[in-house]
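Have a look at the model first, then read on.

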Amino acid sequence: MDANAIINTSLILAVAILALSKLTLVDYGIMRGWTPSEMAVRIPVDNWLGYSEILDSAPVYTKAATSATVYTIGDFLAQRTEGKEVGELDRMRIARSLIAGLIGHGPMSHIWYNVSEGLFENILHWTAWWSFFPKVAVDQLAWTPLWNNTYILLLGLMKRETLEKIWKDMKRTTIPLMVSGLKLWPLAHCITYGLIPVENRLLWVDMVEIVWVTILATQAAGGPEDDNDSAAAVEVGGDVEGAKVAQKA
């Protein structure tokens, strides 16, 4: 096993152990005598209640951490689906996805979902059951290109690309990414805007993204490495990481 494999394996194990310990020990100190069935019910519920409390007290920071986590997992899954062994995983690429989720997707999504809800409820007063249809349409036409291009900008800056190249990438991928996103996101967002409370929409979307990025990465596997740096973190409406996939479709 080479040095990169040892480093990557150690990092994966450390993160997995930390996450599992946090999740499984949420009721540590009060679970003495619980039956396995009680644990199976109480531990998920208490983890959700704990997340909700943190979300209420610090919504922006919580959503930033949520997106950072999901984008990290998404990039990891994408690279593994592309056929990379543990020792071949690009840690800098994963770090870029983490940062994009942390400083970009999480905070911007918090603002977007609140602005969207305020627009339809307080200004347009569209609160009937059918109001999720125009919400989905606005999401796809406004939020999708805004975030996709923000993501291209963030990745480009982190890779020290020129503004000219970043602008070319934006022009080249905006429409293909929107078209690619139509394969999944309109249907997913019927649930996002029709059933999910506004404070939990980012978490729902991020969970869907884990599945979507795996689909994109599977389709993209075997393509040029230069294009693969964008294949990991999906977002609302089709992601920058899937630009190569969109162009192939």
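Leaving aside its neighbours within four places in sequence, which residues is tyrosine 193 in contact with? Before getting to that, keep in mind that this is a predicted model. The contact list for tyrosine 193 reads Trp112, Tyr113, Ser116, Phe132, Lys135, Val136, Asp139 and Arg201, once the neighbours within four places in sequence are set aside.

Reading from the N terminus, the order is simply α-α-α-α-α-α-α-α-α-α. The chain has 249 residues, and 45% of them count as buried. If you take the contacts between residues at least 6 apart in sequence, 70% of them join residues at least 24 apart.

**The core**

Tyrosine 193 turns up again in the largest nonpolar core, which has 18 residues. Along with Trp112, Tyr113, Trp147, Tyr151 and Trp185, Tyr193 belongs to the group touching the most other members. Two or more core residues come from each of helix 4 (91-123), helix 5 (132-158), helix 7 (185-194) and helix 8 (201-220). Helix 5 gives the largest share, with seven residues. As a bit of background, nonpolar side chains in soluble globular proteins tend to be buried together.

**Helix 2 and its partner**

Now for the other end of the chain's numbering. Helix 2 (residues 36-57) packs against helix 3 (residues 59-81) at an angle of about 125°, and the two axes are 5 Å apart. With that angle, helix 2 and helix 3 are therefore oblique to each other. On the helix 2 side the contact is made by Tyr51, Ile54, Leu55, Asp56 and Ser57, while helix 3 brings in Pro59, Thr62, Lys63 and Thr66. Sort the residues of this contact by type and you get four nonpolar, three polar and two charged.

Helix 2 itself has 22 residues and spans 32 Å from its first C-alpha to its last, close to the 32 Å expected at 1.5 Å a residue. Which residues of helix 2 are buried? They are Ile43, Asp46, Asn47, Ser52 and Leu55. Helix 1 (3-24) and helix 3 are among what covers them.

| Residue | Relative accessible area | Class |
|---|---|---|
| Histidine 125 | 56% | exposed |
| Arginine 160 | 78% | exposed |
| Asparagine 200 | 12% | buried |

Histidine 125 sits in the loop between helix 4 and helix 5. Its phi is near 60°, a positive value in a residue other than glycine. Arginine 160 lies in the loop between helix 5 and helix 6 (163-181), and although arginine 160 is not a glycine, its phi is positive too, at about 60°.

Asparagine 200 is found in the loop between helix 7 and helix 8. Is asparagine 200 buried or exposed? It counts as buried, because its 12% relative accessibility falls under the 20% cut-off. Not counting residues up to four places away in sequence, asparagine 200 touches Trp48 and Leu55.

Conventions. Residues numbered from 1 in each chain as written. Predicted model: local features only at pLDDT ≥ 70, side-chain atom pairs only at ≥ 80, totals over all residues. Heavy atoms only, no water. Core = buried A, V, L, I, M, F, W, Y, C linked by side-chain atoms within 4.5 Å. Buried < 20%, exposed > 50% of the residue type's maximum accessible area, 1.4 Å probe, protein only. Helix = DSSP H or I, 4+ residues; strand = E, 2+ residues; numbered from the N terminus. Contact = heavy atoms within 4.5 Å. Axes fitted to C-alpha atoms, helices over the stretch in contact; angles between N-to-C directions. Parallel < 35°, antiparallel > 145°, perpendicular 65-115°, else oblique. Nonpolar A, V, L, I, M, F, W, Y, C, P; charged D, E, K, R; others polar. Expected span 1.5 Å × (residues − 1).
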